[in-house]
Amino acid sequence: MLDMYIANIEEILMTVTQIDLDDDALVEAMRLMGTKTKKDTVNQALRDYISRVRRVEAAQRLFERGQRGDFDQAAAAYEAEKAARREVFGE
C-alpha cells in the first residue's frame, strides 16, 4: 500500500520535458546502469549526479572545518585515551 502511495507521489512530482539526447551516450548509460528505459536512465543519472555533488560539498565542508581546527579537541581526546589504554593494558 505504501509503495503505491509513493509511486503516485513520484508521478505527481514528475515534469514532462522534451529534450534531445545523444543516442550513443544514452545507450551506453543504459548498459552501464542496467536501466531499461530512457526515463529511468535519465532520472537515475540526475540522482547520481546530485548525490555525487552533495558528497563533494560535504567533503569540502569537512575539510574547511579541519582547516579551522574544529576537530583538534576531539583528536587530542582520542590520543589521550589511546595513551591511557596503552598505560593500563600495555598495548
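Colleague: Is Glu28 buried, partly exposed or exposed?

Modeller: Glu28 is partly exposed, with a relative accessible area of 35%. Buried means under 20%, exposed over 50%, partly exposed in between (1.4 Å probe, protein chains only). Bear in mind that this is a predicted model: local features need pLDDT of at least 70, side-chain atom pairs count only at pLDDT 80 or more, and totals for chains, interfaces and linings use all residues. Residues are numbered from 1 along each chain as its sequence is written, and side-chain values use heavy atoms, with hydrogens and water left out.

Colleague: Which side chain meets Glu28 in a salt bridge?

Modeller: Arg31, at 2.7 Å, N to O. A salt bridge is a side-chain nitrogen of Lys or Arg within 4 Å of a carboxyl oxygen of Asp or Glu. Arg31 is exposed, at 56%.

Colleague: How many salt bridges does the structure hold?

Modeller: Five. One of them pairs Asp70 with Arg65, closest N and O atoms 3.3 Å apart. Another joins Arg85 and Glu81, at 3.1 Å. Arg85 is partly exposed at 28%, and Glu81 is partly exposed at 49%.

Colleague: New topic. Is Thr41 buried or exposed?

Modeller: Buried, with a relative accessible area of 2%.

Colleague: What does Thr41 touch?

Modeller: Leu26, Ala29, Met30, Met33 and Thr35, leaving out residues up to four places away in sequence. Touching here means heavy atoms within 4.5 Å.
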